[in-house]
Amino acid sequence: MGNLRAGPAGCARVTYSINGDEGTMAGTKHHDYHILPPDIVPLATTIGAFTFTSGMVLFMHDMPGGHFVPWLGMALLLASMFAWFSKIVKEAHAGDHTPVVQLHQRYGMILFIASEVMFFVGWFWAFFDFSLFPSTIADVVGGQWPPKAIEAVMDPFDLPLLNTLILLCSGTTVTWAHHALIHGDREGLKKGLWATVLLGLLFTSIQAYEYVHAPFPFGQNTYGSAFYMATGFHGFHVIVGTIMLIVCLIRAYKGDFTPRQHFGFEAAAWYWHFVDVVWLFLFVAVYIWGGWGYPIH
């Protein structure tokens, strides 16, 4: 005689009895992995990413739809991300994130950060290629670095140095929050996250002010292009990291995270430290070395 029972993580468990001995048939979960059910969210994320990137192409070439399609793609991306991460939080609450699953989540975050490192390697490569081998053909470059079209560069020991100190300080506050969580100090966790979020917002505000008052524009020569692309993408990553920490702060107030299970916070902290390290390289290579000996603004 067979009976159908609910199994863990959505797996069906079929039990049978032969001569009074009960056994278990196929379908029972005999592993620590979390098998995900079919879901439309990954497909929606892919469509959103394709729509956004295609819309940006339309925008950059001043084609019809260039002012609408990117926003449509971004809205779909944000909605998909919200739905996806909400499901991950629910899985954690349901106990689906076993030690094996958490280990592989860490592997995934490490690989993601590694891909981000290679992303910034491309911008550093471009910057050093432009600076070490300045073009002798383009009149705006004139075979020198910074290009002769640049009248002045930013003072690295003014706002850039201040932003460096802000990010270094934010790295200590997020570490404070992490240690507070590990030791069961919920108030310390919240205070550390508040401090880190505020420092991230302050960094973004100062960088926006710096861009508005920059002595050179974007796109007219290799220096301006490389400078704004490298520092701008870093600024975007700071905004993303700040949003991740805000989500962690909201979850902390809801009672999420325990000293033994807090990968969501840990991933955000890793990402924030990565952003800090990238900025140190940008500060030394782009701001100090890239404009050394040139008139400052």
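This is a predicted model: local features need pLDDT of at least 70, side-chain atom pairs count only at pLDDT 80 or more; totals for chains, interfaces and linings use all residues.
User: What pLDDT does the protein average?

Analyst: A score of at least 70 is reached by 88% of the residues. The average for the protein is a pLDDT of 87.

User: How far apart are the end C-alpha atoms of helix α6?

Analyst: Helices (H or I, at least four residues) and strands (E, at least two) are DSSP runs, numbered from the N terminus. The expected span of a helix is 1.5 Å times one less than its number of residues. Helix α6 has 32 residues, 222-253, and should therefore span 46 Å. The distance in the model agrees with this, at 47 Å.

User: Which residue has a side-chain oxygen that reaches the backbone nitrogen of Tyr223?

Analyst: The place to look is the start of α6. There the oxygen comes to within 3.1 Å of that nitrogen, and the residue that supplies this oxygen is Asn221.

User: Which residue just after α6 takes a positive phi?

Analyst: The angle in question is about 95 degrees. The residue that takes this phi is Gly255.

User: Which residue meets Asp39 in a salt bridge?

Analyst: A salt bridge is a side-chain nitrogen of Lys or Arg within 4 Å of a carboxyl oxygen of Asp or Glu, and the count by this rule is four. For Asp39, the N to O distance is 3.1 Å, and the partner is Lys87. Asp39 sits in the loop between β3 (21-24) and α1 (41-60), and its partner, 48 residues apart from it, is in helix α2 (residues 69-93).

User: Is Glu266 buried or exposed?

Analyst: The side chain of Glu266 meets that of Arg106 in a salt bridge of 2.4 Å, N to O. Glu266 lies in helix α7 (residues 263-289) and Arg106 in helix α3 (residues 99-132), so the pair ties together parts 160 residues apart in sequence. Arg106 is partly exposed at 21% relative accessibility. Glu266, with a relative accessible area of 12%, is buried.

User: In which helix do Glu187 and Lys190 both lie?

Analyst: Their side chains meet in a salt bridge at 3.8 Å, N to O. An α-helix has 3.6 residues a turn, so residues three or four places apart point the same way. Glu187 and Lys190 are three residues apart, about one turn, and both lie in helix α5 (residues 186-212).

User: What relative accessibility does Asn163 have?

Analyst: Asn163 is part of helix α4 (residues 159-182). Leaving out residues up to four places away in sequence, Asn163 touches Leu202, Phe203, Ile206, Gln207 and Trp279. Asn163 counts as buried, because its relative accessibility is 1%.

Terms used:
Residues are numbered from 1 along each chain as its sequence is written. Side-chain values use heavy atoms; hydrogens and water are left out. A polar contact is a pair of N or O atoms within 3.5 Å; within protein, one must be able to donate a hydrogen and the other to accept it, and residues adjacent in sequence count only if both atoms are side-chain atoms. Buried means under 20% relative accessible area, exposed over 50%, partly exposed in between (1.4 Å probe, protein chains only). pLDDT is the predictor's confidence in each residue, from 0 to 100. Contact means heavy atoms within 4.5 Å.
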